[in-house]
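Take a look at the structure below. We will walk through it piece by piece, beginning with a single residue and its surroundings.

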Amino acid sequence: MQHRILIIDDEDDIREVAALSLETVAGWEVMVANSGAQGLARASVYKPDAILLDVMMPGMDGPTTFRELQKNPETAHIPVLLLTAKVQASDKARFADLDVKAVLVKPFDPMTLSAQIAGVLGWE
Amino acid sequence: MAGVMNRLWVQFLPLMEERVAILEAVAAALAEGALTPDQRLEASGEAHKLAGVLGTFGLSEGTLLAREAEVGLSGEPETGPSAARLAEIGAQLRTMLADRKP
């Protein structure tokens with residue numbers, strides 16, 4: 001089944017690697033946004049099946065973007081997976097307060113990223 | 001997927017080299033006692049980005065080195081990495097970038 005994913009990440013390289021990984025390996029339809037604000041707008045219009053959301057972004061960071069997504073009835077139901085290079089214990093505790101589906105750690109393996117996401121979301 | 005990754009490597013290599021250059025500049029400024037808090041913050045952010053991306057391109061050791069720089073630069077200056085260690089990390093990262101063939 002072809003799923004639709006929105007990737008929100010300000011880093012061009014990570015965003016493009018993730019997008020091409022999900023398109024090439026899994027055959028999913030991918031849309032990207034380079035900021036939290038752009039991500040909110042695209043999520044509302046595009047209504048993806050899931051969102052892969054970077055934590056550290058200038059302006060609106062990942063947790064703030066997530067909370068805004070939750071406030072909007074059009075996007076509140078969309079499962080969100082955080083993507084972060086922060087792996088310290090204090091960061092993990094901060095993410096634990098958020099009702100996200102999973103926290104995926106950078107760097108990721110482009111060959112298995114889609115399987116990770118599918119596993120978390122129960123997609124076949 | 002390997003072909004896609006190699007294309008992206010070529011596309012983003014200049015960006016990664018710029019990030020390493022920032023770490024090298026910070027090491028030099030630290031050695032001269034001229035490192036500003038803003039430079040330190042910027043370098044920590046660039047190290048964070050390197051840590052996130054290098055392993056994705058198969059450079060796991062690069063991720064560890066960049067993470068060491070990020071953590072060191074994001075803490076108190078007194079307990080941060082020495083100028084020599086930062087310069088060493090920068091040099092090792094630069095070598096890794098140069099040695100990885102598309």
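Leaving aside neighbours within four places in sequence, A:Leu6 is in contact with A:Met31, A:Ala33, A:Gly39, A:Arg42, A:Ala43, A:Tyr46, A:Pro48 and A:Ile51. Here, contact means that the C-beta atoms of two residues, placed from the backbone, lie within 7 Å. A:Leu6 sits in strand β1 of chain A. Helices (H or I, at least four residues) and strands (E, at least two) are DSSP runs, numbered from the N terminus. Is A:Leu6 buried or exposed? A:Leu6 is buried, because 23 other C-beta atoms lie within 10 Å. The cut-offs are simple: 20 or more other C-beta atoms within 10 Å of a residue's own make it buried, 12 or fewer make it exposed, and anything in between is partly exposed, with C-beta atoms placed from the backbone. The C-alpha atoms of A:Leu6 and A:Glu68 are separated by 15 Å, and these residues are 62 apart along the chain.

A word on what you are viewing: this is a predicted model, where local features need pLDDT of at least 70 and side-chain atom pairs count only at pLDDT 80 or more, while totals for chains, interfaces and linings use all residues. Residues are numbered from 1 along each chain as its sequence is written, and chains are lettered from A and ligands numbered from 1 in the order in which they are written.

Now find helix α3 of chain A, residues 62-71. Its buried residues are A:Gly62, A:Thr65, A:Phe66 and A:Leu69. They cover an arc of only 100 degrees around the axis, so they lie on the same side of α3(A). The arc is that of the directions from the helix axis to the C-beta atoms. An α-helix has 3.6 residues a turn, so residues three or four places apart point the same way. The buried residues of α3(A) pack against β1 (4-8), α2 (36-46), β3 (50-54) and β4 (80-84) of chain A. The face turned away from that buried side carries the exposed residues A:Arg67 and A:Lys71.

Two loops of chain A deserve a stop. A:Lys47 lies in the loop between α2 and β3. Its phi is near 45 degrees, a positive value in a residue other than glycine. A:Lys47 is partly exposed, because 13 other C-beta atoms lie within 10 Å. A:Pro107 lies in the loop between β5 (102-105) and α5 (113-121). A cis peptide bond joins A:Lys106 and A:Pro107, with omega about -5 degrees.

Next, see where the chains meet. The contact takes 15 residues from chain A and 15 residues from chain B. Helix α1 of chain A (residues 12-26) packs with α1(B) at an angle of about 175 degrees, their axes 10 Å apart. Axes are lines fitted to C-alpha atoms, for helices over the stretch in contact, and angles run from 0 to 180 degrees between N-to-C directions. The two helices, α1(A) and α1(B), are therefore roughly antiparallel. Angles under 35 degrees count as roughly parallel, over 145 as roughly antiparallel, 65 to 115 as roughly perpendicular and the rest as oblique. From α1(A) come A:Asp13, A:Glu16, A:Val17, A:Leu20 and A:Thr24, which meet B:Val4, B:Leu8, B:Phe12 and B:Leu15 in α1(B).

Finally, stay within chain B. The axes of α1(B) (residues 2-31) and α2(B) (residues 37-54) come within 9 Å and cross at roughly 140 degrees. α1(B) and α2(B) are therefore oblique to each other.
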